[in-house]
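Me: I am new to this structure and would like to go through it step by step. Could you help me read it?
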Amino acid sequence: MHSNQPKVRRITASVSLALLGYGSAVMAQQADNGKLESVIVTANKRAQNLQDVPASITVLNDAVLQRANVRDLEDVPALSPALTLSYGTQPGNFSINMRGIGTFSLGIGVEADVAVIVDDVPLGMQAGAFKDLADVGRIEVLKGPQSTLFGKSSIAGAINITTKPLGGPWKTNATTYVTNDHEWRAGFSTGGSVSDTLRVRLAASKTSFDGTLNNLTTGKKLNGSKGDNLSGKLEWQPLDQLTLTLTPHYNRTEKFCCSTAFTAMSPGALYRNAPQLPPSVVLSGITIGPDNRDVRNDYPTGGKFHDAGTGVKLDWAFDDNSPLKGHTLTSISSYSKYHMDDYQDNDNTDVDILPFLLLPNGQPTGMHGGLYQYGYFDVKSTTQEFRLTSPDKGALRYVAGLWYGKNNLTRELTKAPLIQAYGTAYGADAWNTSKAIYGQGTWDFRADTSLIAGARYNDEDTGYNFRRYTVPPQAHALTEFYTKSDTDKSSTYKLGLEHRLNKDTMFYAMASTGHKGKAYDLTSGFTAATAKLPAVAPETATSYELGWKQSLLDNRAMFSVALFRTNFKHFQQSSSFFDDDGTFRTGLNSIGGLRTQGLEVEGSVRVTRELQLNGSFAYTEATIQEFENGPCYNVVNAAGTGSTPGPGCAQNPKYNNTFVQNLAGKTLPNAPKIKVNLGGQYDLMLPSQSFNGFIAGNTRYQSRTQFSLSQDPTTIQGAYSITNLSFGVKDKQDRYKVTFLVNNLFDKRYATGLNNAIANGTWSPKAPNTPIAVNTTEWMPPRDFQRYFGARLDVTF
């Protein structure tokens, strides 16, 4: 996808506008003295000033989240240059990528590389993170391995989410939001101090967005979502030393995504080689082209899920008479249950296609209908953590703890039509139980220099059951069953130095390791031969980071710089492809080695009391170091009658003479080298009015992106920049705020996913028809693929 505007003029205009408006992820709240306020984070499991933490961290506080109208995790990568998001057909196979690293997998036997933690409780499955961020007060993006403090699923990083705090006088907030392209939200929260010892908070929200694709069959939209959220927080202090915090939550979300629309198709295409099924019939009414957003689906695509659970936190503060004076002992217990029903239209048409399809023996199917699939995920998670935290004062400060976590995951999937030739039905269970001991401390061995050291020992039990069934309409019966269990013991470490040149300047050097446990490829491609193979090897990482954090102009400006390099071994990554009969398949790979390295810069400056500017920049090289049996892509052959493997692909006896390519030196999918975010806010003071005005803007830029592990040149998204603008008024007593916005101001088109298929069985005439090669391309437009307008009202009483 590309713009017709000259690139230099477009970027210059975007940046210029951004400098008038509102900014990026590192924005700090304004203070009355004209300085930047301190930003508090809990990245090290204790409250610290962001500028004092020797690590690269992006913080999105409540003000940033509101101004950017962040609804869910899918909005966060636009505010953090270290993050990207890879989409599958439903949240169960989405992937959060940190510094270019993330696990894309369609099975439950593979953990994510980026952990998501909410109020000290990690999610049992990353899919549970793709819901509305109801009542969130702060998001910390922790970059690089976080295994020492946050465990095995944070080998590439972690997203630490904290809900809004309790306390203060009783206050009620309400918010509404609406756009011209049919998105709306409504939220409500109320809470405060009931007594000197009891504080409560209750929040609820409802959201809806129709989507970005037009389904001509139903007249409705696709690739949208809707959700309902209810959360609470109760804090009770029955004793001066004891505090109990309860955080129950319930969420119900439907994401009718993620469908793609055809952007190109070679002439002469026939669906499944049937003369009766040309595009004019199968895709009736659809004009295929670069901006096509029309599809024909007679079966839904996406996932409908709900989750419920609670966390229970007990804090015991040791008094002055205790040997542990000033220490805090914390117990954090949690239980959650997640269920998702997923479904997918596999033929992307509403035509009765089965009568025209043939069985492997060449006979007609004798059936009516189409191709689709359905299934569900179940995840039950239990965690228990005991943590001892030292006082914040003193030369030695530390946190140490014990961890227990148990996840039980179930996946059931049926592909139709209900015949063996095109269908499959399987079920799988995966489990992992982790027990760990960890500790991390800081020792000021000089007044200006500190040693940071941490370690974690993890003992994990994992395993699976795999079941294959007869395909309906046959009687439901088990045809295959496999089971396996494994253990995995690992240690991870962190070691660093922090030097404070003065009260405003800090330098640090940090080395850390990461570990993620064994994996299983529990998808429809699982076979008896696969079951006999050992589990996919654990993934490991070694990371080095140099950083500089600086405050300037009496704390009116601050910035941070980080240089990093992380090497991964046995990286677990799924790849997808279309086989010769047009069936979409995936396979789990253990990539021998890969590396991510680069530079990150973030900063904020309070130019005047009215104007604040912000910026962040990330240069990231996420490349494969060792992967000699990488997947291939196809190209049209010289005769134009079929396809051949692309350049670099060849048969290799070492891998059963399958076509593979050596991907060493190639980029990882969805890992742009450059991401930039610039912006700011100008407050217009109106002394004679009861309100003040404001204008805010933000521009983000991203370099070209490859979406395929196979390095298919047709799945590259070109560089683009997106600019958002907002303005409005705010009551001086904080009773109301009215915001008007224009997102994607310059109406720039870009894709969040690109697919390419050449001469596959879905669209490829072959004998007895005249054989020709058919190339099809598809795109997935993101939420802000075009300009849209909105308005928001926030009320406090």
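The conversation below takes up disulfides, a sheet and a surface patch in turn.

Me: What kind of model is this?
Reply: This is a predicted model.

Me: How many disulfides does a search of the whole structure find?
Reply: The search finds two disulfides. Counted along the chain, the bonded cysteines follow the pattern 1-2, 3-4.

Me: Which residue is joined to Cys 257?
Reply: Cys 257 is joined to Cys 258, with an S to S distance of 2.4 Å. The link of Cys 257 and Cys 258 is left-handed, with -45 degrees about the S-S bond.

Me: Is Cys 257 buried or exposed?
Reply: Cys 257 is buried, because its relative accessible area is 5% and buried means under 20%. Cys 258 is also buried, with a relative accessible area of 8%.

Me: And what does Cys 632 form with Cys 649?
Reply: Cys 632 and Cys 649 form a disulfide, and their sulfur atoms are 2.4 Å apart. The torsion about the S-S bond of this pair is about -125 degrees, so the disulfide is left-handed.

Me: Where in the chain are Cys 632 and Cys 649?
Reply: Cys 632 is in the loop between strand S30 (611–626) and strand S31 (634–636). Cys 649 is in the loop between strand S32 (643–645) and strand S33 (650–652). The two are 17 residues apart, and the pair links distant parts of the chain. Cys 649 is buried, with a relative accessible area of 13%.

Me: Changing topic: in what order do the five strands of the open sheet come?
Reply: The order is S3-S8-S9-S6-S7, and the pairing in this open sheet is mixed. Strand S3 (57–61) and strand S7 (121–122) stand at the edges; each has a single partner strand, so one side of each is left without a neighbour in the sheet.

Me: How many bridges are there between S8 and S9?
Reply: Strand S8 (residues 136–143) and strand S9 (residues 157–163) pair over seven bridges, in the antiparallel sense. Within this pairing, Arg 138 has Thr 162 in S9 as its bridge partner.

Me: Now the surface: which residues make the nonpolar patch?
Reply: The patch, of about 570 Å², is made by Leu 396, Trp 443, Phe 445, Leu 451, Leu 495 and Leu 497.

Me: Why does Trp 443 count as partly exposed?
Reply: The relative accessibility of Trp 443 is 44%, which lies between the limits of 20% for buried and 50% for exposed.

Technical notes:
Residues are numbered from 1 along each chain as its sequence is written. This is a predicted model: local features need pLDDT of at least 70, side-chain atom pairs count only at pLDDT 80 or more; totals for chains, interfaces and linings use all residues. Side-chain values use heavy atoms; hydrogens and water are left out. Patches are made of residues with over 30% relative accessible area and no salt bridge: like charges are joined within 9 Å, nonpolar side chains (Val, Leu, Ile, Met, Phe, Trp, Tyr) within 5 Å. Accessible areas come from the Shrake-Rupley method with a 1.4 Å probe; for residues, only the protein chains shown count as cover. A salt bridge is a side-chain nitrogen of Lys or Arg within 4 Å of a carboxyl oxygen of Asp or Glu. Buried means under 20% relative accessible area, exposed over 50%, partly exposed in between (1.4 Å probe, protein chains only). Two strands pair if DSSP finds at least two bridges between them. Helices (H or I, at least four residues) and strands (E, at least two) are DSSP runs, numbered from the N terminus. A disulfide is a pair of cysteine sulfur atoms within 2.5 Å.
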